[in-house]
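This briefing sets out selected features of one protein structure, grouped by topic. Please read it alongside the sequence and the coordinates shown here.

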Amino acid sequence: MQDRQLYQQILGIGAPWLVSRVELDLAAEEVHVYLGHEETATFRCPECGEVCPLQDHQPERTWRHLDTCQYRTLLHAELPPTRCKAHGVRVVRIPWAEPYGRFTALFERLVIDWLQAASQQAVADRVGLSWDEVHGIMERAVKRGLARREAEPIPHIGVDEKSFRKRHRYVTVVSDIDRGRVLYVATDRKQKSLDGFWPTLSEEQLASIEGVAMDMWEPYVNSTQQHLPNAEEKIVFDKFHVAKHLGEAVDKVRRREHKELRAEGDERLKGTKYDWLKGRDKFDEKGWRAFCRLRRSHLKTSRAWAMREQAMKLWDYSYRGAAENHFRWWYRWATHSRLKPMIDKAKMLKTHLKNILTYLTHPITNALSESLNSKIQWVKYTARGFRNQANFKTAIYFHCGGLDLLPAI
Ligand SMILES: [Zn+2]
């Protein structure tokens, strides 16, 4: 029969497997392809490869395959189990699908490719599967990819939190800064969230870590100190996180001062919140000149702003001693400023200074690479369909893990 040969070729199926019959169900718009094997075929134990006698065939199984001419195409076969002396009864390995899969490898490849570019719901609608079925393909792809990972050296890692769905629900994300990929995702942002990461590394990988960028967040610090040798020389508190803290302090000073000025009918600080927080490059010429005039008008907020600018110069130094001198000078200025928010932050920076200055040895920050960040945004954007964090984590690994996701066959 011609259609049998045609399907044998399309499916790329060779001896001992053959297409025994093809049925076309016009009403249901389905093609059913029945596979069998030659009577004299020998099969090998999937575990050790020994040629083994066969058991009775198992009940028929069905796999969804790529559509043929827009007809849903299903493969059917009864698989023979082998009886191995060493491994007992095992179902034979088949060339069109992974063990226990309900889709052919080619079909899974198609879904995985589409998932890179479209949401799970869009892919589910397109191929006529449920959201859960598509997510199952994604989960298997991630499992496959994680199992294939090699224990490469990872000199620079970043530990960060990402909010999930509602505020105050977090996942911890560990990334490989040099390769721009996510290594590990865990629920919450507690010490035990990060504790789970370290055992996933080989001893050599652990020894290869030179710097760990993170926020000044005690649970992460504690976990790193407990698991990473010489952690005190490797933890690098993130520059942008420090900048954010100082920005918050500047804003507090501004709010209080604005209230005081307003009581005297002075509206100078009205609507200036973001001017004090954004960088020079975010102003146009006219805006910058106006801001400079405001800054020169003897405001407490101007002083707080200048303190923040000076503190950020710490990251420009090459030598630790010079940076420490700069900090001592800055610290005295800030703590004598009589601006409470600045005094508080200055004390916080002093406590953490040692691991802020590790930046001079390991110039790393927690700012994810552009492409990784946009992928995480994409995952968050399409996360509306995620009922739980497990699904969210799977999607982060899928899109950001740099994994080899496709079935091997
Ligand atoms: Zn065996």
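A polar contact is a pair of N or O atoms within 3.5 Å, where, within protein, one atom must be able to donate a hydrogen and the other to accept it. In this predicted model, a polar atom of the S193 side chain lies 3.5 Å from the backbone nitrogen of R189.

- S193 belongs to helix 5, which spans residues 191-195.
- The relative accessibility of S193 is 4%, and S193 therefore counts as buried, since buried means under 20% relative accessible area.
- The side chain of S193 reaches the backbone oxygen of T187 at 2.9 Å.

- Five strands form an open sheet in the order 11-10-9-12-13, and their pairing is mixed.
- Strand 11 (181-187) and strand 13 (235-237) are the edge strands, each pairing on one side only.
- From one strand to the next, the twist averages 25 degrees.
- Strands of a sheet pair through backbone hydrogen bonds, in either a parallel or an antiparallel sense.
- Six bridges join strand 10 (residues 170-176) to strand 11, and the pairing is antiparallel.
- Within this pairing, D176 stands opposite R181 in strand 11, and T172 stands opposite A186 in strand 11.
- Strand 10 and strand 11 form a hairpin with four residues between them.
- In the turn of this hairpin, G180 has a positive phi of about 60 degrees.
- Why is strand 11 largely enclosed by the rest of the structure? Strand 11 is largely enclosed because six of its seven residues are buried.

**The largest pocket**

- The volume of the largest pocket is about 520 Å³.
- Its lining comprises 18 residues, and D160, E161, D215, H241 and K244 lie nearest the centre of the pocket.
- Strand 9 (156-163) and helix 9 (239-263) each supply at least two residues of this lining.
- Helix 9 gives the most to the lining of the largest pocket, with five residues.
- By class, the lining of the largest pocket contains eight charged, six nonpolar and four polar residues.

**The second largest pocket**

- The second largest pocket holds about 350 Å³ of space.
- Of the 15 residues that line the second largest pocket, A243, L277, K278, G279 and R308 are the closest to its centre.
- Helix 9 and helix 11 (300-311) each supply at least two residues of the lining of the second largest pocket.
- Helix 9 accounts for the largest share of this lining, with six residues.
- The lining of the second largest pocket divides by class into seven charged, six nonpolar and two polar residues.

**The cavity**

- Rolling a probe the size of a water molecule over the atoms shows where empty space is left.
- How many cavities of 30 Å³ or more does a search of the whole structure find? The search finds one such cavity.
- The largest cavity has a volume of about 40 Å³.
- Lining the largest cavity are E98, P99, G101, F103, T104, A105, E108, R140 and P407.
- Four nonpolar, three charged and two polar residues make up the lining of the largest cavity.

- Y220 is found in helix 7 (residues 218-227).
- With a relative accessible area of 1%, Y220 is buried.
- Y220 and L194 are 26 residues apart along the chain, and their C-alpha atoms are separated by 6.5 Å.
- T40 is located in the loop between strand 2 (30-37) and strand 3 (43-44).
- Is T40 buried or exposed? T40 is exposed, with a relative accessible area of 70%, as exposed means over 50%.
- T40 and P16 are 24 residues apart in sequence, and the distance between them in space is 8.5 Å, C-alpha to C-alpha.

Conventions: Residues numbered from 1 in each chain as written. Predicted model: local features only at pLDDT ≥ 70, side-chain atom pairs only at ≥ 80, totals over all residues. Heavy atoms only, no water. 1 Å grid on protein atoms, 1.4 Å probe; cavity = no way out; pocket = protein on both sides within 12 Å on 5 of 7 lines; lining within 4 Å. Points joined across faces, edges and corners; volume = space filled by probe spheres on them. Nonpolar A, V, L, I, M, F, W, Y, C, P; charged D, E, K, R; others polar. Pairing = 2+ DSSP bridges. Axes fitted to C-alpha atoms, helices over the stretch in contact; angles between N-to-C directions. Buried < 20%, exposed > 50% of the residue type's maximum accessible area, 1.4 Å probe, protein only.
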